[in-house]
Amino acid sequence: MYGDGEGTVWDRVGRPHRDCMCYLGPPTTLMPIGMRKSPDVSPRRLSDISPQLRQLKYLVVDEAIKEDLKSSRSVEDITSASIEERILRITGYYGYQPWSASYKREDRTRENVVGTTDAQSAGGATGAESSSNRHSLNCCIRVPTIQVQKALWGVTMVMCVCSSWAGATQLAKLTFKQFDAPFTLTWFATTWNCLFFPLYYIGHLCKSPERQTPRQRFRECCRFFGDDGLTPKVFFTKVAPFGLLWILTNYLYLQALRKINTTDVSVLFCCNKAFVFLLSWIVLRDRFMGVRIVAAILAIAGIVMMTYADGFHSHSVIGITLVVASASMSALYKVLFKMVLGSAKFGEAALFLSIVGSANFVFISFVPVILYFTHVEYIDSLEDIPWAYLCGVAALLFAFNVLVNFGIAITYPTLISLGIVLSVPVNAMVDLYTCEINFNTVRLIAVFIICLGFLMLLLPEDWDQCIIQLSTKLRKRDEPAEGSGEAGATTGLNWRGRSRTSMSTFAH
């Protein structure tokens, strides 16, 4: 059937082996395993593809392709197949199905082995499956573990931010009883910012595999200001204005502490979050969000109610005005920094704050001297200065700025902001036991709505979509499982697929 009796065809192609011949005879006629006669395909002459047959002898499969081929049920290892099987596999003659031959050979081999071999094979398959399940479980547990670790760091950061901000506020209030010099205290505390870059460089030496000299690291971080680095023009246009805003923010905050209690000051300063949103929406053209507009309205309403709580006395009105101005300066600082300088890395932020502290020491040192000689912030002798209180306030403010600016490296920014609003109840508890404060209904409502507005501003931009997805998941979990009667008829493969899907969904 392969030829018409002429010798020239067989000289070109070669005589076929007997075990590769397919006879169209009765069912008892010899037919190789895996070769089936297709009624829809008529036999063809192998002489038509003789050049391709010669090339198949040297067919080599790349190892990477072989691994992909092994995962497919319909493809065998090509290097272990004979030349005839390669021909039939690629050309598709006679309705050849490679998996049919594979399965028949496996069945035939399985009949000749002993029962212990079957047990070993089953045990190996079970071990591989259990190893795969353990690997999937480890992958699913690893992500929640990282998230839990980050959340635990967040709880620690919340406590540290809350304690440092509340401690600095209370200690500054005590300092003014012995040393009534808010600008000198502001200058002294701002000078501590010089320590930012040295501390960052120590961390760089401990963590970075490629250690650089201080000058190399300084030059690399100076690229944040432009290609020319830190020039006098850049300093006076991009650094000095932010230094003035920094000093004004702290000075107005400390001045407000001299007029009103720490609870009112801390809760009113939380309005800076609403001011940041309003300025970003106007200046930076940020996305409009209705919930943040509501939060800003709540903040403004809280300011009005806080003023009304004390009956519009002069001291309370001046104190509230000072702290609102401080919150406005803080918001302006953040928005202008984002507009002019953009986002900064840790080293660049540390260098920027160190430059602000150094410039404050060099250029603003004459102001406390003038205030001293004009008796605006006068003290009899240096021995009367409460250095412990001054250093305590400066250290707590420095720690607060370190946590706020660099805490995002180990936890979520939302948790850091949460520590600021939690300082309000801490200051309220301290004021309740240390000074005479009237927590009337109006003040309590004002504190509540300002804190509520602050928390609403912490919501992400896609908070509505997150709530919809969460409600959908909860609704699906509460609904009874459909098709439970068909669950018993499903195969083990389907059960594994379902369990894997639910686990990955839980992990995300």
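The largest cavity holds about 50 Å³ of space. This is a predicted model, where local features need pLDDT of at least 70, side-chain atom pairs count only at pLDDT 80 or more, and totals for chains, interfaces and linings use all residues. Residues are numbered from 1 along each chain as its sequence is written, and side-chain values use heavy atoms, with hydrogens and water left out.

Back to the cavity. The term means a set of points, on a 1 Å grid over the protein atoms alone, where a 1.4 Å probe fits but cannot get out; lining residues have an atom within 4 Å of a point. Grid points are joined across faces, edges and corners, and the volume is the space filled by probe spheres set on the points. The whole structure has two cavities of 30 Å³ or more.

Which residues line the largest cavity? They are Ala189, Thr190, Asn193, Trp246, Asn250, Leu397, Phe398 and Asn401. Helices α7, α10 (232-259) and α17 (387-406) each supply at least two of the lining residues. The top contributor is α17, with three. Helices here are DSSP runs of H or I, at least four residues, and strands are runs of E, at least two, numbered from the N terminus. The chain has 21 helices and zero strands.

Next, α7. Ten of the ten residues of this helix (residues 182-191) are buried, so the rest of the structure largely encloses it. Buried means under 20% relative accessible area, exposed over 50%, and partly exposed in between, with a 1.4 Å probe and protein chains only. Thr190 sits in α7. Its relative accessible area is 2%, so Thr190 is buried. Beyond residues up to four places away in sequence, Thr190 touches Trp246, Gly357 and Asn360. Touching, or contact, means heavy atoms within 4.5 Å. Across the chain, 37% of the 508 residues are buried.

Now the cores. A nonpolar core is a set of buried Ala, Val, Leu, Ile, Met, Phe, Trp, Tyr and Cys residues joined through side-chain atoms within 4.5 Å. The largest has 68 residues, and Val267, Leu268 and Val323 touch the most other members. Leaving out neighbours within four places in sequence, Val323 contacts Tyr253, Ala256, Val265, Leu268 and Phe269. A second, separate core has 26 residues, including Cys221, Phe225, Leu351 and Ile355.

On to the rings. Rings of Phe, Tyr and Trp (its six-membered ring) pair if their centres lie within 6.5 Å; planes under 30 degrees apart are stacked, over 60 edge-to-face, and the rest tilted. That rule gives 27 aromatic pairs. Take Phe197 and Phe218: the centres are 6.3 Å apart and the planes at 85 degrees, so this pair is edge-to-face. The pair links distant parts of the chain, 21 residues apart, with Phe197 in α8 (residues 196-207) and Phe218 in α9 (residues 214-222). Phe197 is buried at 11% relative accessible area. Phe218 is partly exposed at 33%.

Tyr333 and Phe337 are stacked: 6.3 Å centre to centre, 20 degrees between the planes. Both lie in α14 (residues 314-340), four residues apart, about one turn of the helix. Tyr333 is buried at 14% relative accessibility, and Phe337 is buried at 15%.

One last group. Ring pairs join Phe224, Phe225, Phe242, Trp246, Tyr333, Phe337 and Phe352 into a cluster. Trp246 also lines the largest cavity.

Methods: On a 1 Å grid over the protein atoms alone, a cavity is a set of points where a 1.4 Å probe fits but cannot get out, and a pocket is an open set with protein on both sides within 12 Å along at least five of seven lines; lining residues have an atom within 4 Å of a point.
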